[in-house]
Number of protein chains: 2
Amino acid sequence: MARLKIKGLINLNGKIVPIHKAMISVMDHGFLYGDSVYDTFRTFSGYPLQLSEHIHRLFRSATKLELKSPLSHKEIETHIFQTLLAYWKRFKKEDVYIRVILSRGVGDIGFDVHLCPCPTFIIIVKDIPRLSQKYYEKGISVALVSTLRNHPKSLDPNIKSGNYLNNLLAYLDAKKQKAQDAVMKNYKGEMTEATTSNIFIVKKGVLYTPSLKSGLLKGLIRTLLIDMARKNHLKCVEKKITQQELLKADECFLCGSIKCILPVTRCNHKKIGNGKPGPVTQKLMALFPNAVRKCIQEEYCIESSFF
Amino acid sequence: MARLKIKGLINLNGKIVPIHKAMISVMDHGFLYGDSVYDTFRTFSGYPLQLSEHIHRLFRSATKLELKSPLSHKEIETHIFQTLLAYWKRFKKEDVYIRVILSRGVGDIGFDVHLCPCPTFIIIVKDIPRLSQKYYEKGISVALVSTLRNHPKSLDPNIKSGNYLNNLLAYLDAKKQKAQDAVMKNYKGEMTEATTSNIFIVKKGVLYTPSLKSGLLKGLIRTLLIDMARKNHLKCVEKKITQQELLKADECFLCGSIKCILPVTRCNHKKIGNGKPGPVTQKLMALFPNAVRKCIQEEYCIESSFF
């Protein structure tokens, strides 16, 4: 096995080790069945954004799989801070990527949840995967792919789980079309989301994003942006979005906890709008740092001078 | 972590270790994303049934995920035989459960397949999970669940992958209804399969099994049974099967590489037929050992006296 060269630490059931030393059993059902839930976020100036909401979502995902966390919300927070502290001491970097995973744990082959009495709890803290600055300036290209987003009655897209092949297959489709990411439709042909992001379009100055009814993750940055847009007198509508509406949009962007706001300027090799990040996208990108600041000041009860 | 008390060995990238000592990285994409394929089968009197077909299917699953095996078909066979030999020497048992897993391997977070240059290759050899004999004699009860089988354009049910939550959720649904297993419909309402088995029904002496077009795994025992039935002058039809056809069937059974043929005598708490394993099911169960014998004699080129 090649040794991983990543600056990172892993908290594995409470023990913090370098990333390449964190080992789990082959018989962990997280490995055998993808029977795990996770949530992902990052720090800004050292503070994890929307930490409490991410942990709440982790619990909601776990509940949908009848997976019981061995740790309380507060205990998870404490483990995250301990792991961040160890990371900062070791790597002297305050902005990091965080992934919290709760897996079913080790047990014999089978679906009976009693086979696995001890869930595995993991926190990965590592460097943030940085997208090239040019993508933020010029936008990326996406492809509308033939891989459909999971049917909510097959595997609810609101469970952030270790079953990620649906998104991976969509990504592989997009790569074959020389696009940077995929936009996935649901089985009825409605737009849902990209492989690790929510999607917004702009038409005549109004923001639109697929309705949760189309079957997609209720992203926390998606929620933050809807709120931020409305506070800044931008109309934002959640609705069923068709392929034609995406292709004929004036602007388009993706959003997520790691990539924040990423302009999309091509879809299926065709320009969206004039093929450059548009004024509404740019306005939101400009407003975003302040919204993050406010969020963190409120969450951590700190004075504005601290952030 | 609780120590697993299973009689088993694991071949992990060529090294054979006791089951509780087989450890993989948290950063294995098989764990992070369920990005792995597998196949499962068992031995009869020491011989793995349909070995070559299972390895072929593993390769087909892998190809659909653009996952390249580091080992050839013949090399995998050799590793399986080596692991079986080690198992027999240690546990003195010739009939075992075998699971071969090929996972994407260790790499940084992300979908780019180049992040993981070395796939992880695993063979689990362990005791066969034995269903109570009474289930074979009296039949099990199944529930028609609300969890729908994955849409073939979301995640093809013919990819045997480490993304098993769809089936797990169906199983949890069935347990809530006090049934032993679930029967899953597709998004159009057609019957597909149980959580780890194919399904057959019998009506007026004719066997029916859901068509592959309904979106289900082309099970190797399913194929063997269709062939065996026809050779024994039993009509067997692959077709779209409705919920009503299942509920009004004279007989029903599940089949799979581990459970072989398992009668189903109740569905949604209602009797199927007279609530006992029917004559066609019993005939197939009686014919099955000889079909297995023939298969193995042909596959391993052995005289009938050897098996």
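The legends below describe close-up views of a predicted model.

Residues are numbered from 1 along each chain as its sequence is written, with chains lettered from A and ligands numbered from 1 in the order in which they are written. Because the model is predicted, local features need pLDDT of at least 70 and side-chain atom pairs count only at pLDDT 80 or more, while totals for chains, interfaces and linings use all residues, and side-chain values use heavy atoms, with hydrogens and water left out.

**View 1. A salt bridge between Asp35(B) and Arg104(B).** The side chains of these residues meet with N and O 2.7 Å apart, a salt bridge being a side-chain nitrogen of Lys or Arg within 4 Å of a carboxyl oxygen of Asp or Glu. The pair links distant parts of the chain, 69 residues apart, with Asp35(B) in the loop between α1 (29-32) and β4 (36-44) and Arg104(B) in the loop between β6 (97-103) and β7 (120-126) of chain B; these elements are DSSP runs numbered from the N terminus, helices being H or I of at least four residues and strands E of at least two. Asp35(B) is buried at 2% relative accessibility, and Arg104(B) is buried at 3%, where buried means under 20% relative accessible area, exposed over 50% and partly exposed in between (1.4 Å probe, protein chains only).

**View 2. A salt bridge between Arg222(B) and Glu238(B).** The closest N and O atoms of this pair are 2.7 Å apart, and the bridge joins helix α6 (residues 220-231), which holds Arg222(B), to strand β13 (residues 236-239), which holds Glu238(B), in chain B. Arg222(B) is buried, with a relative accessible area of 2%, whereas Glu238(B) is partly exposed at 36%.

**View 3. The contact of α6(B) with α8(B).** The axes of α6(B) and helix α8 (residues 279-299) of chain B lie 10 Å apart at an angle of about 105 degrees; axes are lines fitted to C-alpha atoms, for helices over the stretch in contact, and angles run from 0 to 180 degrees between N-to-C directions. The two helices are therefore roughly perpendicular to each other, a term for angles of 65 to 115 degrees, with those under 35 counted as roughly parallel, those over 145 as roughly antiparallel and the rest as oblique. Contact means heavy atoms within 4.5 Å, and among the residues that meet are Leu225(B) and Met228(B) in α6(B), and Leu287(B) and Phe288(B) in α8(B).

**View 4. The surroundings of Ser36(A).** Ser36(A) lies in strand β4 (residues 36-44) of chain A and is buried, with a relative accessible area of 2%. Not counting residues up to four places away in sequence, Ser36(A) touches residues including Leu65(A), Ile101(A), Lys160(A) and, from chain B, Phe31(B).

**View 5. Positive phi values at Asn13(B) and Lys178(B).** Most residues other than glycine have a negative phi.
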